[in-house]
Amino acid sequence: MTLVPVTLSDKADDDADTSVLLETRPKTKRPPLYKVLLLNDDYTPMEFVVHVLERFFGLTHAQAFEIMLTVHKKGVAVVGVFSHEIAETKVGQVMDFARRHQHPLQCTMEKED
Ligand code: TYC
């Protein structure tokens, strides 16, 4: 809990300004968020990427197809924004699933500014 000094003017006696400490609410800093990024490559099939986006990010087929196309055309796209732990889990799930299917699909995370 932070104590903030506040000077109050005493109308009865101008020379007797009184300093008091007021309690503020405790500082709770929001934890940083992380963007999960999907990277393009020349070999992973489009349908596989769409499936990954549906399966691990809860996207509809239309949303998944749209993001897949963005990655295909631009090279990278943000798939979602999560806490550090959730982002790490999603990246691990995607990388593991891609590796098991022998696709070079890459997924990474990056701290949000
Ligand atoms: N570029 C791939 C292809 O033409 C498709 C693709 C899309 C691959 C998105 C990865 O993250 C990716 N088959």
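# Notebook: helix packing and the core

**Entry 1, α1 against α2.** I began with the contact between two helices, where M46, V49, V50, L53 and E54 of α1 meet H61, A64, F65, I67, M68 and H72 of α2. I sorted the residues of this contact by type and got eight nonpolar, two polar and one charged. I keep in mind that this is a predicted model.

Next I looked up the geometry. Two packed helices are described by the angle between their axes and the distance between the axes. Here α1 covers residues 46-57 and α2 covers residues 61-74, and their axes come within 8 Å and cross at roughly 125°. That makes α1 oblique to α2. I also noted the hand: α1 passes α2 in a right-handed crossing.

The protein chain has three helices and five strands. Reading from the N terminus, I wrote the order down as β-β-β-α-α-β-α-β. Of the 113 residues in the protein chain, 27% are buried. I then checked contacts between residues at least 6 apart in sequence, and 60% of them join residues at least 24 apart.

How do the axes of α1 and α3 cross? They come within 11 Å, at an angle of roughly 145°. The crossing of α1 and α3 is right-handed. On the α1 side I listed F48, H51, V52, R55, F56 and F57, and on the α3 side K90, Q93, V94, F97 and A98. By type, the residues of the contact of α1 with α3 are seven nonpolar, two polar and two charged.

Which residues have the most contacts inside the largest nonpolar core? I found L38, L53, F57, V94 and L105, in a core of 25 residues. I then asked which elements supply it: β3 (34-39), α1, α2, β4 (76-82) and α3 (84-100) each give at least two residues. The element that gives the most is α1, with seven residues.

Leaving out neighbours within four places in sequence, I found L53 in contact with L38, G58, L59, A64, I67, M68 and V79.

I turned to F48, which is in helix α1 and is one of the α1 residues in the contact with α3. Is F48 buried or exposed? F48 has a relative accessible area of 10%, so it is buried, the cut-off being under 20%. Setting aside neighbours within four places in sequence, F48 is in contact with F97, A98, H101, H103 and L105. I also checked the distance to L105: the C-alpha atoms of F48 and L105 are separated by 9.4 Å, and the two residues are 57 residues apart along the chain.

Y43 and L105 are 62 residues apart in sequence, yet 8.2 Å apart in space, C-alpha to C-alpha. Y43 itself is exposed, with a relative accessible area of 65%.

Back in helix α2, I picked E66. Its relative accessible area is 56%, and E66 therefore counts as exposed, the cut-off being over 50%. From E66 to V50 I read 8.8 Å, C-alpha to C-alpha, for a separation of 16 residues in sequence.

I was curious about a lysine in strand β3, K35. Is K35 buried or exposed? At 18% relative accessibility, K35 counts as buried, because the cut-off is under 20%. I listed what K35 touches, not counting residues up to four places away in sequence: V78, G80, V81, T108, M109, E110, K111 and E112.

Last, I checked a backbone angle. Most residues other than glycine have a negative phi. In Q102, a residue other than glycine, phi is positive, near 60°. I located Q102 in the loop between α3 and β5 (106-111). At 73% relative accessibility, Q102 counts as exposed.

Technical notes: Residues numbered from 1 in each chain as written. Predicted model: local features only at pLDDT ≥ 70, side-chain atom pairs only at ≥ 80, totals over all residues. Heavy atoms only, no water. Axes fitted to C-alpha atoms, helices over the stretch in contact; angles between N-to-C directions. Helix = DSSP H or I, 4+ residues; strand = E, 2+ residues; numbered from the N terminus. Parallel < 35°, antiparallel > 145°, perpendicular 65-115°, else oblique. Left-handed = near helix turned anticlockwise from the far one by under 90°. Contact = heavy atoms within 4.5 Å. Nonpolar A, V, L, I, M, F, W, Y, C, P; charged D, E, K, R; others polar. Core = buried A, V, L, I, M, F, W, Y, C linked by side-chain atoms within 4.5 Å. Buried < 20%, exposed > 50% of the residue type's maximum accessible area, 1.4 Å probe, protein only.
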